[in-house]
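Reader: I'd like to learn how to read the features of a structure like this one. Can we take them one by one, with the general idea and then the case here?

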Amino acid sequence: MDDMLDQLEAVIRDRRRNPAPGSYTSRLFEAGREKMAQKVGEEAVEVLIAALRENRDEQLDELADMFYHTLVLMADLDISLDDLKRRLRERHQAR
């Protein structure tokens, strides 16, 4: 799983540096941080709704969408998966 998230992060960061015509990711970066944050919020609500419907395929799709949009926002904030993993490690060790 980490490999796929790392690959997705690399593609997202590349789109940030090298916008591609027709790329949804590039359009999100063009729209700005407010739009990116809004998309994370929308996807979070959709995850909650899917969780209550008990449809595993829908749950997976919505979680994947939320992870993707979160990675886009993280790239805009210049926060990497490695940064996030480091913070999670720190929190775990503090217990």
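Author: Let's start with a charged pair. Side chains of opposite charge can pair when their charged atoms come close. Here R13 forms a salt bridge with D78, with the closest N and O atoms 3.8 Å apart. The term means a side-chain nitrogen of Lys or Arg within 4 Å of a carboxyl oxygen of Asp or Glu. This pair links distant parts of the chain: R13 sits in helix α1 and D78 in the loop between α4 and α5, 65 residues apart.

Author: A word on where this comes from: the model is predicted, so local features need pLDDT of at least 70 and side-chain atom pairs count only at pLDDT 80 or more, while totals for chains, interfaces and linings use all residues. Residues are numbered from 1 along each chain as its sequence is written, and side-chain values use heavy atoms, with hydrogens and water left out.

Reader: Are R13 and D78 buried or exposed?

Author: Buried means under 20% relative accessible area, exposed over 50%, and partly exposed in between, with a 1.4 Å probe and protein chains only. R13 counts as buried because its relative accessibility is 16%. D78 counts as exposed because its value is 56%.

Reader: How many salt bridges does that rule give?

Author: The count comes to nine. One of them joins R86 to D83, with the closest N and O atoms 2.6 Å apart. Both lie in helix α5, three residues apart, about one turn of the helix. R86 is partly exposed at 40% relative accessibility, and D83 is partly exposed too, at 30%. Another bridge pairs E90 with R87, at 3.2 Å between the closest N and O atoms. E90 and R87 are likewise in helix α5, three residues apart. Salt bridges that share partners also join E9, R13 and D78 into one network.

Reader: Which residues have the most contacts inside the largest nonpolar core?

Author: In soluble globular proteins, nonpolar side chains tend to be buried together. A nonpolar core is a set of buried Ala, Val, Leu, Ile, Met, Phe, Trp, Tyr and Cys residues joined through side-chain atoms within 4.5 Å. The largest one here has 13 residues, and those with the most contacts inside it are I12, F29, M36, L71 and V72. Helices α1 (2-17), α2 (24-31), α3 (33-53) and α4 (56-76) each supply at least two of its residues. The largest share, six residues, comes from α4.

Reader: What does F29 touch?

Author: Contact means heavy atoms within 4.5 Å. Not counting residues up to four places away in sequence, F29 touches I12, R15, R16, M36, V72, A75 and D76.

Reader: And where is T25, and why does T25 count as buried?

Author: T25 is in helix α2. T25 counts as buried because its relative accessibility is 9%. Leaving out residues up to four places away in sequence, T25 touches I12, R15, Y68 and V72.

Key. Helix = DSSP H or I, 4+ residues; strand = E, 2+ residues; numbered from the N terminus.
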